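Here are my notes on this one, in the order I would go through them at the screen. Have a look at the structure first, then read on.

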Amino acid sequence: MRVVNDRFKIERVVCAVDCGRAINPNLIRANIEGGIGFALTNTFKSQITFANGGVEQSNFGDYPLLYLVEMPKIETVIVPSDRPPQGCGEVSLPPMAPAVAQAIRRATGVRPRAMPLPQTVAEARALAGDAAPGAKGRA
């Protein structure tokens, strides 16, 4: 990740997957790439908000999506295996937000603790003001 005009830019993601014997490597790569796009959308943009005792979002049309121009270069490593084929499902989702949060911490010194994560340095630094004394980031 690097900072471009005060905005965080994820430039490259490497994801290794051990899904047993790879029957269709291109499908595995597509699954991983789609999962990373979905994970980055959740990391930076998805939020459920409430008003008047109910959820404001009615369906997926109310959720902002990651634009193609925001997608990083993705390198998928399929670990060679003689094990029977297994699913590769959504293995790229769980590690994305913690990895991005750590990159933001390294870039700003602020540890974001709530999603969506800040998209700019200014937003990240504003979180430091929201934290309890001695802590950095939202609790």
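1. A word on terms before the counting starts: helices are DSSP runs of H or I with at least four residues, strands are runs of E with at least two, and both are numbered from the N terminus. On that basis the protein chain has 3 helices and 6 strands. Keep in mind throughout that this is a predicted model.

2. Overall layout. Going along the sequence, the elements come in the pattern β-β-β-α-β-β-β-α-α. The C-alpha trace spans about 55 × 35 × 30 Å along its principal axes. The chain has 139 residues, and 34% of them count as buried.

3. The strand pair I would look at is strand 3 (residues 12-17) with strand 6 (residues 73-78): the two run parallel and share 6 bridges.

4. In strand 6, the covered face is Ile74, Thr76 and Ile78, and the uncovered face is Lys73, Glu75 and Val77.

5. Val14, Val77 and Val79 make a nonpolar surface patch of about 190 Å². Val14 is part of strand 3.

6. Glu75 pairs with Arg12, with the closest N and O atoms 2.9 Å apart. Because Glu75 lies in strand 6 and Arg12 in strand 3, this contact ties together parts that are 63 residues apart in sequence. Glu75 is partly exposed at 31% relative accessibility, whereas Arg12 counts as exposed at 52%.

7. The next salt bridge joins Arg83 and Asp18, and here the closest N and O atoms are 2.7 Å apart. This one links loops: Arg83 is in the loop between strand 6 and helix 2, Asp18 is in the loop between strand 3 and helix 1 (25-44), and 65 residues separate them. Both ends are partly exposed, with a relative accessible area of 32% for Arg83 and 40% for Asp18.

8. Glu70 and Lys45 also meet in a salt bridge, at 2.9 Å from N to O. Again the partners come from distant parts of the chain: Glu70 is in the loop between strand 5 (54-55) and strand 6, Lys45 is in the loop between helix 1 and strand 4 (50-51), and they are 25 residues apart. Is each end buried or partly exposed? Glu70 is partly exposed at 27%, but Lys45 is buried, with a relative accessible area of 15%.

9. There is also a charged spot on the surface. Arg105, Arg106, Arg111 and Arg113 gather there in a patch of positive charge. One of them, Arg105, is placed in helix 2 (residues 96-108). Arg105 is partly exposed, with a relative accessible area of 33%. That clears the patch cut-off of over 30% relative accessible area.

10. Last, a residue from the inside. Leu40 belongs to helix 1 and is buried, with a relative accessible area of 2%. How far is Leu40 from Leu93 in sequence and in space? The two are 53 residues apart along the sequence, yet their C-alpha atoms are 8.4 Å apart.

Definitions and conventions. Residues are numbered from 1 along each chain as its sequence is written. This is a predicted model: local features need pLDDT of at least 70, side-chain atom pairs count only at pLDDT 80 or more; totals for chains, interfaces and linings use all residues. Side-chain values use heavy atoms; hydrogens and water are left out. Patches are made of residues with over 30% relative accessible area and no salt bridge: like charges are joined within 9 Å, nonpolar side chains (Val, Leu, Ile, Met, Phe, Trp, Tyr) within 5 Å. Accessible areas come from the Shrake-Rupley method with a 1.4 Å probe; for residues, only the protein chains shown count as cover. A salt bridge is a side-chain nitrogen of Lys or Arg within 4 Å of a carboxyl oxygen of Asp or Glu. Lys and Arg count as positive and Asp and Glu as negative; His and the chain ends are not counted. The place of a charge is taken as NZ of Lys, CZ of Arg, CG of Asp or CD of Glu. Buried means under 20% relative accessible area, exposed over 50%, partly exposed in between (1.4 Å probe, protein chains only). Two strands pair if DSSP finds at least two bridges between them.
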